Every structure is written in C-alpha cells, then in structure tokens.
Amino acid sequence: MNASAPYLSPSEAARRLGVSAKALRLYEQRGLVAPLRTAAGWRAYGPDEMARAGEIAALRALGLSLAQVARVLGGDSQGLEPALAAHQARLEGEGRRLAHLARQVRDLRAELAAGRTPAIGDLVRLAGTIADPVAAFDLPWPWGGERFELRDLRAITYIVGPLGSGKTRLAMQLAEALPGGRFLPLDRGASPPPTAAVQAAMAWLEEEGAHSSPALFVLLAALEDPSRAALVVDMVEDGLDEATQTALVAYLRKTASAERPLFLMTRSCAILDLGAVGPGEAILLCPANHSLPMRVAAIPGAPGYEAVATCLAPPEVRARTHGLIAMRPPAP
C-alpha cells in the first residue's frame, strides 16, 4: 500500500460514506468491493476502494438491490428503469410538499403586504417545530392510564422493549388510534394468493439475499396491500432468518413513506441496526420499569440508547426465546 495515500478503517470508511459498517461488510460479502489488508490483516479502504464503495452506496440510495448494483457496475442496465421511476416519484412527491410550503409562505407575505398580521399558529406550523398529534390515547396496563401522544410521523418507527414492558399493548393501541391503522399479529394466518406487487417485492428480496418462506409471503401481502394506511407489525422478524431480515429492512427503507407509515416491533439487531437508522426512522422504547414510552435517538450516549441496545440481539440469539411472552399475573 502507498503510505502517502489515506487508508481508512472500516468504521471510518462507513462514517465518511454515510452507511453502516454492517453495510460495508455486506458489500464485501457480495463481492462488490474488496478492501485492502494491512500487514496485521486488518481491512483498509484506500481511494479506489472508497470510490467504488461510494458508487455502491449511491446506487443503493436509488433503490437497487445488491444483485442489481452488481449488474449496473458491470455495465448491464437491467433493473434501472423501475428504480429510476420510483426515485422520480419520490422526488416529485417532495417537490409537491415544498411547493405547498412555498405557497403558504407566499400567502403569509401577502397578508403582511396587506397590513394584516399572520396568526401565530400559522407561523408555528410553517416552521414545522410543533405538530398536532397523529395519535393520542391513555396508556393501557402495565401503565397507569397516562396520556400518550405521537407526533412527527416517520416512515418507519421501531418499537423496542424487554419482555413484559408493554410494547405489544402499546403497538395494538397505536394501530387503533392511527388513521386507517392495522395491527398484524404474531399469528399472521395463511398467506393469500400473491399479487403482482408481492411477487415483484419477493423477486427484489431474493436478489438481495432473502429466502422465500410462508412467513415472508404473509408479511409482504400486508405490506403491499394497496388499501392499507399505517401498519403495525408484531415482531416483524418472526419466522425470518438473518439474511431475510437484512434484505427486508433494505426493502422497507426504499419503499416506506410517512404517508403509509410502518411500526415494527422488534428485538433483532438485524432489523434494527442502530448504526444504520436514517432520518426517516424513529425508535420508541418501552422501558422495563414501565415509565412512559420514549423516543430514543440512535446516538450512543443519548437518553435510552443503552436500554434499546440491550433489548436487541442477533437472530440466532433471538431464536432461543422464540414464542416466549410475558403474562400478566393473575389477580389475587
């Protein structure tokens, strides 16, 4: 290696690229990037490796599966058209949102020009710092009926907590309170006949490394239901192996939106990789001591971060407690 060139460790490379270290390892496992090795055997990323990893991250941001990324890097454009169409739709949606905000600003300026003072509420809503609650209810047992309000809806919200923390009851209440909300229980039921959307999603996931299974088909049927609004999923990882969980999260990140939000109960670090949580995602923690559910930032040292981390485990560890539930003790 050229000693004068900057060589980065995997963690530093991931930070500069804006991806998780886990994502970098996945790129390497799929043969998309080959980091160098130091004399001691440590992985190192030089300028060429960083350039290639940056290309991969950019293509992933367009919604391409890892297999599609490999084809595009090899000069094959297969799969680009639907990915670009979906990206265009996202950009146009964001453009409509910004145009709506611009109209509000223009209207407020017109009021000022006419000598009228805009209402404080209009100014506050324009800034977006205070939002009306999208769901509000009194917390069920094991809480004491305290008021809970959900604001600032994200595309994906992870619901985390230890056994007995009340996260399932919170999830069920959320599904009832959210407009058009639906709760997908642990007992998913039988898989309906796959639609074209489900088949397309399954094809993408398989290219990403997922393994087809009845559990995955049932989950995709709920996710791809065109009539659904908010969807709350009980233990989203149930019945899915690690490769499928990793692929599923990549798929959800490219398809989820705040208009059709997802609430995913999980205790798997393959589903909730704290190093990969993006701006369109949030974490709700149900503490073990039954204090109020709290929003937790995916930043080491943030309030609740360590509690969230201790709730998460690799899929093979999670499998040991498969099917366990916390029961409310009988009344004396």
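Is Glu94 buried, exposed or partly exposed? At 35% relative accessibility, Glu94 is partly exposed, where buried means under 20% relative accessible area, exposed over 50% and partly exposed in between, with a 1.4 Å probe and protein chains only. The model is predicted, so local features need pLDDT of at least 70 and side-chain atom pairs count only at pLDDT 80 or more, while totals for chains, interfaces and linings use all residues. Residues are numbered from 1 along each chain as its sequence is written, and side-chain values use heavy atoms, with hydrogens and water left out.

Glu94 forms a salt bridge with Arg97, with 2.6 Å between the closest N and O atoms. A salt bridge here is a side-chain nitrogen of Lys or Arg within 4 Å of a carboxyl oxygen of Asp or Glu. Both residues lie in helix H5 (residues 80-113), three residues apart, which means a separation of about one helical turn. Helices (H or I, at least four residues) and strands (E, at least two) are DSSP runs numbered from the N terminus. Arg97 is partly exposed as well, at 42%.

By this rule there are 13 salt bridges. One of them joins Glu12 and Arg15 at 2.7 Å between the closest N and O atoms. These two are three residues apart in helix H1 (residues 10-17), again about one helical turn. Glu12 is partly exposed, with a relative accessible area of 23%, whereas Arg15 is exposed at 58%. Together with Arg16, Glu12 and Arg15 are linked in a network of salt bridges.

Another salt bridge pairs the side chains of Arg71 and Glu207, at 2.9 Å from N to O. Arg71 belongs to helix H4 (residues 66-73) and Glu207 to helix H8, so this pair ties together parts that are 136 residues apart in sequence. Glu207 is partly exposed at 24% relative accessibility.

The nonpolar residues come next. In soluble globular proteins, nonpolar side chains tend to be buried together. A nonpolar core is a set of buried Ala, Val, Leu, Ile, Met, Phe, Trp, Tyr and Cys residues joined through side-chain atoms within 4.5 Å. The largest such core has 40 residues, of which Tyr158, Leu220 and Val308 touch the most other members. Elements giving two or more residues to this core include strand S5 (156-160), helix H9 (214-223) and helix H11 (305-311). Helix H10 supplies the largest share, six residues.

Leaving aside residues up to four places away in sequence, Leu220 touches Val198, Ala201, Met202, Leu205 and Tyr251, contact meaning heavy atoms within 4.5 Å. A second, separate core has 20 residues, among them Met50, Leu66, Val72 and Ala83.
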